[in-house]
Amino acid sequence: MAAAPARSQRRRRSGSFARPINARTYRGTWLLVGIPLLIAAFSLRTAPLLPAPALPPTFESGFALDLARDLAGLYPDRRPGSNGGSNAARWVADRLRAQGLQTTMTRFRSTLPGGATVQLVNVEAEVPSRSSDAIVVMAHRDNAGKGPGGNDNASGTAALIELAHTYAASNPCSTVPVGGVCPAHRIVFLSTDAGAYGGMGAEQFVRTSSFRARIAAVVNLDSIGSDHPPRIVAAGLGPRSASPALQRTAAARILEAARAGPGRSTPLAQLLDLGFPFTLYEQGLFVRTGISAVTLTTGGVRPPDPVGDTADRLNQRRLGEVGRAGQELIASIDQGLGVPGTTTSSIFLGSRFLPGWAVELVLIACLLPFVVAAVDLFARCRRRGVALAPAWRSYRSRLGFWLWVGGAGAVLWAAGLWPSGPSVPPAPTTAVAGDWPVVPLIVLSVLAGAGWLVIRERLLPRRRPEAVETVAGHTVALLALAVIGLAVVALNPFALVYLLPSLHAWLWLPQLSERPVALRIAVLAAGLLGPAVLVGSFAFRFGLGLDAPWYLTLLVLIGYVPAPVVLVTLAWLAAGGQLAALAVGRYAPYPARRERPPRGPIREVVRRVMLTSQARRRRTLSAGEKVRAAGER
């Protein structure tokens, strides 16, 4: 009978310093998430479908295969800025002119990933129309120089030329010759440069083309001649994707041509790509600016490996299927009753799609229980007179350390020690994507270590913190995470998919302050699920493997990741650092003035370094004297 009271005494009551989180309020707030989920369920819509063209496709796969073999055989090395790249541009221009199309070559200089500045060439051919709106059909013709590029992207370039032949006309639309097609839109056939290096040619076209404000849709042909089934890529370099109408119509045209539905990213992968916008295909550059664009490919989420990409491995049947699907898609856009519309944030589910605003509403609702629990914890601390200032100063010191690390990295970038390049995702096949810069990383590690030596003097535990001080440390860190969550909502609500695991896992660390340290470490590790998913996505989905952490760092260095996102990440690292110190029992509130040493942190570090150096010198001299004494004896 005496055991029951003992157990009840061991179980701390809710609201005490041992159990400061109000679990009932937290669970009750989750009930509100049901409303956004219900709204999202009723917002699921059927994507519009543009009508199929009246005429059957006339794409000749044999002619396209011969063109792909010629390009890959004549110019196996088509790296941007090389002689082979320049000759390939003239080869494409000559074949477009041979179709009777007005063709121009636009030369410009651009910086490739890694810092090399070269001259690039875009080749454009236009089929005129009475309308000023345009449909862009594009394919990059360059390669990485590690293989002939038969599939990536001689196949897409050959299909581009064959499609141009379909619309070729030497006379105005009112007198189109036999075999020609008079389009309702202008058709721009675009052969871009540096598509294998991040898409600088496509970026140049988006920035400078006179058609920029009048593009109805973009159809990109990339690596369409392998044995793999066709695939649609519609992600953008911003939190947007191609319009549902364009995606569904592209899927329908592939189904008609290949008698099988196309592959596409799963709903979870689409959500991850909205949370961290990323794609390795050129349609992403157009989607980012609000132009609806899709890529037709037989590759995966990344272009195929250039090694062994020879023209004799091209699949003529697959090349014909994707080519005919592309021709019918262009005709559907051109001759349909409507255009695909602008880009949108959505999750595509077969023929239906979930609007982005509904997904954002659900994610924001999932943030609400954490914010309510964190604010409730803060209110409890205020009511009970818990001093939060020392815990806030402790978090501020950790934030200062991470800002120091970020600033040191920026200084090294300004000094030219980091790789540089345009703010577009570099292809994984480029050297800069896989070569870890050892010297800058060592220098940054040394600077980070020096910064930690400075701040650790104020963060080292000099005594065991009291329960109230531990609660204060948790409260400040959780409040910081709440502010970080609201900042993420302002920047990109879809990014909450990476943040929510840490919020809802780390919220329970204050409840576990008296539980085994192994359990606290496990909960702390569970909060790292979001970043682990991001790194794993790059490692496995995009095939970067162990180079994924460096590739993400590279995206920060070249400016692809915006500065506000970097600052929010550093603030998250500071909060995680404080919670980690609490979890392993190494937390200490910022010391009061009477508890601080007489010297500041920098002077204290210098003093310790000097004392250590003097002690080593004395040991060295003492050892030398002993050796001399032994010699004299």
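# Chat about salt bridges, strands and cores

Analyst: Let's open with Asp 273: with a relative accessible area of 9%, Asp 273 is buried, where buried means under 20% relative accessible area, exposed over 50% and partly exposed in between (1.4 Å probe, protein chains only). This is a predicted model, in which local features need pLDDT of at least 70, side-chain atom pairs count only at pLDDT 80 or more, and totals for chains, interfaces and linings use all residues. Residues are numbered from 1 along each chain as its sequence is written, and side-chain values use heavy atoms, with hydrogens and water left out.

User: Good to know. Which side chain meets Asp 273 in a salt bridge?

Analyst: That would be Arg 541, at 3.1 Å from N to O. A salt bridge here is a side-chain nitrogen of Lys or Arg within 4 Å of a carboxyl oxygen of Asp or Glu. The pair links distant parts of the chain, 268 residues apart: Asp 273 sits in helix α9 (residues 267-275) and Arg 541 in helix α19 (residues 529-541). Helices (H or I, at least four residues) and strands (E, at least two) are DSSP runs, numbered from the N terminus.

User: And Arg 541, is that buried, exposed or partly exposed?

Analyst: Arg 541 counts as partly exposed, because its relative accessibility is 23%.

User: How many salt bridges does the count come to?

Analyst: By this rule there are nine salt bridges. One of them joins Arg 186 and Glu 126, whose closest N and O atoms are 2.4 Å apart. Arg 186 belongs to strand β5 and Glu 126 to strand β3, so this pair ties together parts that are 60 residues apart in sequence. Arg 186 is partly exposed at 23% relative accessibility, and Glu 126 is partly exposed too, at 21%.

User: What about Arg 380, who does its side chain meet?

Analyst: Arg 380 meets Asp 376 in a salt bridge (3.3 Å, N to O). They are four residues apart in helix α12, so about one helical turn separates them. In general, an α-helix has 3.6 residues a turn, so residues three or four places apart point the same way. Arg 380 is buried, with a relative accessible area of 15%. There is also a network: salt bridges that share partners join Arg 317, Arg 318 and Glu 321.

User: New topic: where is Ser 129?

Analyst: Ser 129 is in the loop between β3 (117-127) and β4 (134-140). With 11% relative accessibility, Ser 129 counts as buried.

User: Which atoms does the side chain of Ser 129 reach?

Analyst: It reaches the backbone nitrogen of Ser 131 at 3.2 Å. A polar atom of the Ser 129 side chain also lies 3.2 Å from the backbone oxygen of Pro 183. Such a polar contact is a pair of N or O atoms within 3.5 Å; within protein, one must be able to donate a hydrogen and the other to accept it, and residues adjacent in sequence count only if both atoms are side-chain atoms.

User: Nice. Which residues in the largest nonpolar core touch the most other members?

Analyst: Phe 276, Leu 481, Phe 538 and Leu 555, out of 118 residues. Helix α12 (residues 356-383) gives the largest share of this core, 13 residues. A nonpolar core is a set of buried Ala, Val, Leu, Ile, Met, Phe, Trp, Tyr and Cys residues joined through side-chain atoms within 4.5 Å.

User: What is Leu 481 in contact with?

Analyst: Leaving aside neighbours within four places in sequence, Leu 481 is in contact with Phe 370, Leu 503, Trp 506, Trp 572, Ala 575 and Leu 579. Contact means heavy atoms within 4.5 Å. Apart from this core lies another one, of 57 residues, including Ala 159 and Val 294.
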